[in-house]
Amino acid sequence: MTAYTYRMPSGIPGDVTRQSVATIETQILDSGNAFGGYGLFGKIASGKFVPVGSGDAASSVYGVLVRPYPTQGANASDPLGTSVPKTSGAADVLRRGYISVKNNAGTPAVGGQVYVRVANAATGKPIGGIEAASDSTNTIAVPGCTFVGAADASGNVEIGFNI
């Protein structure tokens, strides 16, 4: 049994938080360019959904990789499959709606701009990771994407994308 002293967790990265307003479509993943986790932004390249990466412009952002439910663990360190997505086949992509993501830097606030790291990966700040603060040329502002609230103790936070 778990007791929440101050606040319940904000969610699990990649979980769609408001199904009634979500637009989700299926896209094919590229096994040669896998996502590092759920709740990360991707783009379409050669007809497949791949992570946003080095040198990408804000206009390349296509959607957010959705965590499937139910999901099976990908390995012993991730028995619930919460962070390690499959690497090929079909996957769900959020094109419009609300989703829980992991914030890697900055302090999210209601209405705050969402950024994605596209250069200079660092500990805790992976390429494709979501941040609440601009890092000059290392991040891009995701058009039409804002934070819906503050992050929980683990950095999980809800964002609104193309709302």
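A: What follows goes through the salt bridges pair by pair.

This is a predicted model, in which local features need pLDDT of at least 70 and side-chain atom pairs count only at pLDDT 80 or more, while totals for chains, interfaces and linings use all residues. Residues are numbered from 1 along each chain as its sequence is written, and side-chain values use heavy atoms, with hydrogens and water left out.

The structure holds 6 salt bridges, a salt bridge being a side-chain nitrogen of Lys or Arg within 4 Å of a carboxyl oxygen of Asp or Glu. Side chains of opposite charge can pair when their charged atoms come close.

One of the pairs is Arg67 with Asp15, whose closest N and O atoms are 3.2 Å apart. This pair links distant parts of the chain, 52 residues apart: Arg67 lies in the loop between β4 (63-65) and β5 (89-102), and Asp15 in the segment before β1 (23-29). Strands (E, at least two residues) and helices (H or I, at least four) are DSSP runs, numbered from the N terminus. Arg67 counts as buried at 11% relative accessibility, whereas Asp15 is partly exposed at 22%. Here buried means under 20% relative accessible area, exposed over 50%, and partly exposed in between (1.4 Å probe, protein chains only).

Arg18 forms a salt bridge with Glu158, and their closest N and O atoms are 2.9 Å apart. The two residues are 140 residues apart and link distant parts of the chain, with Arg18 in the segment before β1 and Glu158 in strand β9 (residues 156-161). Arg18 is partly exposed, with a relative accessible area of 35%; Glu158 is buried, at 14%.

Lys43 pairs with Asp56 in a salt bridge, the closest N and O atoms being 2.8 Å apart. Lys43 belongs to strand β2 (residues 41-45), while Asp56 sits in the loop between β3 (48-51) and β4, 13 residues apart. Both ends are buried: Lys43 has 18% relative accessibility, and Asp56 has a relative accessible area of 13%.

The bridge partner of Lys43 in β3 is Val50. The hairpin of β2 and β3 has 2 residues between the strands, and Ser46 in this hairpin takes a positive phi near 55°.

Finally, Arg117, Glu131 and Asp135 are linked in a network of salt bridges.

Technical notes. Two strands pair if DSSP finds at least two bridges between them.
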